Amino acid sequence: MAKDDPPICQTNKKKKKKKNIVMDVNEDFIELYRNHSCLWNVKCKDYSNKIKRNSSYEILLKKLKEIYPEATTELLKKKINNMRTTFRRELKKVESSMGTGSSTENVYEPSLWYYDLLYFTAQCETGRKGVSNDISDENEAQYTTLAENNIVSFIC
């Protein structure tokens, strides 16, 4: 190690301090994101309004540029998407651990530092309903009748 190199412990302290500053800004960033519900709440009347959404993105971009001066709208959208995806993964782990019927002691505890901060988006995180291949009784009767009519018309 050269004379001008800082000791390892000082370097680690500086990195931790910088990381905490980034986390603080991210907490503010998430709070700002929360205040702009047109970006995350599909039930918001402005969710489909591109002008309002772009305006909200510009406000968030200013905040993000405090951390990353070279940030772009594309980077901002990726960052939001990454945070939401990671949050959904943690939320799914929590919900699946609760659905097993296990005691509250065995419920998964999220390790994501911003899990509680992004929990407001959980109301929008309901999965889509899948399409069933099963034919209901009513539809089956209609399907059978159509099939029988086609067979009859084919035979005649």
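**View 1. Lys-93, with a relative accessible area of 38%, is partly exposed.** Glu-90 and Lys-93 are three residues apart in helix α3, or about one turn of the helix. Helices (H or I, at least four residues) and strands (E, at least two) are DSSP runs, numbered from the N terminus.

**A note before the next views.** You are looking at a predicted model, in which local features need pLDDT of at least 70 and side-chain atom pairs count only at pLDDT 80 or more, while totals for chains, interfaces and linings use all residues. Residues are numbered from 1 along each chain as its sequence is written, and side-chain values use heavy atoms, leaving out hydrogens and water.

**View 2. Glu-74 and Lys-78 also pair within helix α3.** Their side chains meet in a salt bridge at 3.7 Å, N to O. The helix covers residues 73–98, and these two sit four residues apart in it, which means about one helical turn lies between them. Glu-74 is exposed at 53%, and Lys-78 is partly exposed at 48%.

**View 3. Asp-46 meets Lys-52 in a salt bridge.** The N to O distance is 3.7 Å. Asp-46 is buried, with 17% relative accessible area, whereas Lys-52 is partly exposed at 42%.

**View 4. Salt bridges link Asp-28, Lys-63 and Glu-66 in a network.** Side chains of opposite charge can pair when their charged atoms come close. The model has five salt bridges by the rule given above.

**View 5. The largest pocket has a volume of about 240 Å³.** Of its 13 lining residues, Tyr-33, Leu-39, Asn-81, Arg-84 and Arg-88 are the closest to the centre. Helix α3 contributes the most to the lining, with five residues. By type, the lining has eight nonpolar, one polar and four charged residues. Nonpolar covers Ala, Val, Leu, Ile, Met, Phe, Trp, Tyr, Cys and Pro; charged covers Asp, Glu, Lys and Arg; the others, Gly among them, are polar. A pocket is an open set of points on a 1 Å grid over the protein atoms alone, where a 1.4 Å probe fits, with protein on both sides within 12 Å along at least five of seven lines; lining residues have an atom within 4 Å of a point. Points are joined across faces, edges and corners, and the volume is the space filled by probe spheres set on them.

Key:
A salt bridge is a side-chain nitrogen of Lys or Arg within 4 Å of a carboxyl oxygen of Asp or Glu. Buried means under 20% relative accessible area, exposed over 50%, partly exposed in between (1.4 Å probe, protein chains only).
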